[in-house]
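Thanks for coming, everyone. I'd like to walk you through one model today, and you can follow along on the screen.

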Amino acid sequence: MSALALHTRPLFDELPYQHTFTARVLAISELGVALDQTLFYPTGGGQPGDQGHLLLPDGSAVAVINTQRDPLLRAIIWHQLEEGHPDIRAGTELQGCLDWERRYRHMRMHTCLHLLCAIVDAPVTGCSIAADKGRLDFDLPESTLDKEQITRSLMQLIDGALDVQVQLLSSEEYRSLPNLCRTQVAPPQGNGAVGVIHIPGVDMQPCGGTHVRNTSEVGAVICDKIEKKSRHNRRVTLRFA
């Protein structure tokens, strides 16, 4: 299985706007189907795994209902399929097709949460993203957060049409910036590098998710709810307007 991991190529990092791809089946297990390359983003960092379908050589389509990394060998990505498809075997050449509308909404909300992180000056303790909303948990013993003010601040950044840059830092570069990460979870690393999302002048955070290229793509959002979840935890929920 370790050799399998060496042949898995995550296309979503370099081609986040591409909808379809061709691939070869590497393995099948109770966890799903592993491909030699994929655009399907696996569950992680608060972002849900992608859905869509695989188009087989005979023209039939098989639904992908979730995508996840192998629990031990993280470089392996498993595509969980609807049941009853015996025609998929190792070596099968096929086409993958994302549920692009769902993925794009995840990209828009994920980028918006980076803007929220820049607005609220506190460590992040949790994150969750959905197609219609997203939330961050902040370590805030006392809250002075205001929904209307957060909404106004977010829309100023969104309407500012700011570029969203994806950068790779070496492990050495990342370690030289100890205050870069505001979450309590170690950032994802691949091949000795850390992916970083940089919105110049606004936010710079390690992140392995998929994002839009410009804040204007986020669209209209509102701060829907601010909740006290514990003595040191405030949950801020956003949704698309």
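Let's start at the hairpin of β5 and β6, which has five residues between its strands, and where G59 takes a positive phi near 95°. A word on the source: this is a predicted model, so local features need pLDDT of at least 70, side-chain atom pairs count only at pLDDT 80 or more, and totals for chains, interfaces and linings use all residues. Residues are numbered from 1 along each chain as its sequence is written, and side-chain values use heavy atoms, with hydrogens and water left out.

Helices (H or I, at least four residues) and strands (E, at least two) are DSSP runs, numbered from the N terminus. Two strands pair if DSSP finds at least two bridges between them. On that basis, β5 and strand β6 (residues 61-69) pair in the antiparallel sense over four bridges, and H53 stands opposite A63 in β6. β5 also pairs with strand β8 (residues 93-98), again antiparallel and over four bridges. There, L55 stands opposite Q95 in β8.

Now, the rings. How many aromatic pairs does the structure hold? There are five. The rule takes rings of Phe, Tyr and Trp (its six-membered ring) and pairs them if their centres lie within 6.5 Å; planes under 30 degrees apart count as stacked, over 60 as edge-to-face, and the rest as tilted. One of the pairs is F12 with Y41, which is edge-to-face, at 5.3 Å centre to centre and 75° between the planes. F12 lies in the loop between β1 (9-10) and β2 (20-29), and Y41 in the loop between β4 (37-38) and β5 (52-55), so this pair ties together parts that are 29 residues apart in sequence.

F12 comes out at 1% relative accessibility, so F12 counts as buried. Y41 is at 6%, so Y41 is buried as well.

Another pair is Y17 with W100, and this one is tilted: 6.1 Å centre to centre, with 50° between the planes. Y17 counts as buried at 18% relative accessibility, and W100 is buried with a relative accessible area of 18%. Ring pairs link Y17, W100 and Y104 into a cluster.

While we're at Y17, look at the charge there. A charge sits over a ring if NZ of Lys or CZ of Arg is within 6 Å of the ring centre and within 35 degrees of the ring normal. R213 lies over the face of Y17, at 3.8 Å from the ring centre. Elsewhere, the charged end of R108 sits over the ring of F240, 4.2 Å from its centre.

F240 brings us to strand β16 (residues 233-240), which pairs with β15 in the antiparallel sense over eight bridges. Across that pairing, K228 stands opposite R234 in β16. Helix α3 (residues 147-159) packs on the sheet, touching β15 and β16, and its direction makes about 135° with that of β15. Contact here means heavy atoms within 4.5 Å; axes are lines fitted to C-alpha atoms, for helices over the stretch in contact, and angles run from 0 to 180 degrees between N-to-C directions.

What is the strand order in this open sheet? It is β9-β10-β16-β15, four strands with antiparallel pairing. The edge strands are β9 (124-129) and β15 (221-230), each pairing on one side only. Neighbouring strands of this sheet are turned by 15° against each other on average, direction ignored.

A241 touches A220, V221 and I222, not counting residues up to four places away in sequence.

Last, the cysteines. With a disulfide taken as a pair of cysteine sulfur atoms within 2.5 Å, the count comes to zero. C207 is in no disulfide either, with the nearest cysteine sulfur, that of C127, 7.8 Å away.

Technical notes:
Buried < 20%, exposed > 50% of the residue type's maximum accessible area, 1.4 Å probe, protein only.
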